[in-house]
Amino acid sequence: MKHINLGGLEVSRIGLGAMSMSAYYTGAGSDDAEAVRTIHRALDLGVTHIDTAEVYGPYTNEELVGRALKGRRDQVVLATKFGAISHTGRPGLDSTPANIRTAVDGSLRRLGTDHIDLYYQHRVDPDTPIEETVGALADLVAEGKVRHIGLSEAGPATIRRAHAVHPVAALQTEYSLWTRDPEAELLPLLRELGIGFVPYSPLGHGFLTGKIRSTDDFAQDDWRRTNPRFIGENFQRNLRIVDEVAAVAAEVGATTAQIALAWLLAQGEDIAPIPGTKRVTRVQENTAADSVELTREQIHRLDNMTPAVGQRHDEAGMAVIDAS
């Protein structure tokens, strides 16, 4: 597995997002033993970047990751997130210094570690100045509880303001063949400032695997049932994207998921996607994308694919994404 640099933090080029092991998707949390085996297999394959958050579960995902990493903590760049849960009694997002203090101690306990390698603000708190939040994170870095800080779904102005207080190692935002938004402003800014980029949902919430042809297979509580891109006519039109990726996959002799990941990797040496899965077979498929080589013509075809139809999150989800 090749490695890249995220703002001074060395990670495997492909990481592992642990969210689906405990929350939000069909079958989440149904087989912790398989999830632990998946994490172990990822480590065996050279994955060194594991991503979780206190809100996944909530809390149970961090506990699961902590159990899986027992005895292997030194092999991993461990990332988690705060701010989507308030421990101060304040409604909504909470990135106040008091909340961060409580959140980090809980995450350290659940993860079974004395430090977090990459600690993200999960979503920008509109009621707490980013300078105040980053100042509190800088204190945690000075104390050794946190090694590097990150932002998730932050806009350009917020990133600049945060980075002026303390170096931001990485930005985590959705980016894939069906979510190209970061290319306009975010990627150029991150490269200007030397901040790494961690795309979440690089397989379009499973859509780009080619395995989803109907939402009938989703559990009633699977959040994709409310995602605009999975609803009605939008879903049917977005299937064309999968078919276009599948055509390239047939040429290369790879899976559609591997082509989607290989395209992302071809976008730069500062991009480290974290495809999520809870199955050993999928983590083996995803990590193998590191060795898939696309021709210039194939990359061009993928660059000019049919755009996705529908917002990438529902109204509530889009409301907490910082556009400043």
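Q: In this predicted model, how many bridges join strand β5 to β6, and do the two run parallel or antiparallel?
A: Four bridges join strand β5, residues 77-82, to β6, and the two strands run parallel. To place this pairing on the structure, look for K81, which stands opposite Y120 in β6.

Q: How many residues of strand β6 are buried?
A: In a regular strand the side chains alternate between the two faces of the sheet. Strand β6, residues 116-121, is mostly covered, with six of its six residues buried.

Q: With which strand does β6 pair over five bridges?
A: That partner is strand β7, residues 146-152, and the pairing is in the parallel sense; here I116 stands opposite V146 in β7. The chain goes from β6 through α4 to β7, and this β-α-β crossover is right-handed.

Q: How are two packed helices described, and at what angle do the axes of α3 and α4 cross?
A: Two packed helices are described by the angle between their axes and the distance between the axes. For helix α3, residues 97-111, and helix α4, residues 130-143, the axes come within 9 Å and cross at roughly 40°, and α3 passes α4 in a right-handed crossing.

Q: Which residues of α3 and α4 meet?
A: From α3 come P97, I100, R101 and V104, which meet E132, T133, A136, L137, D139, L140 and E143 in α4. The residues of this contact between α3 and α4 divide into six nonpolar, one polar and four charged.

Conventions: Residues numbered from 1 in each chain as written. Predicted model: local features only at pLDDT ≥ 70, side-chain atom pairs only at ≥ 80, totals over all residues. Heavy atoms only, no water. Axes fitted to C-alpha atoms, helices over the stretch in contact; angles between N-to-C directions. Left-handed = near helix turned anticlockwise from the far one by under 90°. Contact = heavy atoms within 4.5 Å. Nonpolar A, V, L, I, M, F, W, Y, C, P; charged D, E, K, R; others polar. Buried < 20%, exposed > 50% of the residue type's maximum accessible area, 1.4 Å probe, protein only. Pairing = 2+ DSSP bridges. Right-handed = clockwise from strand over helix to strand, strands pointing away.
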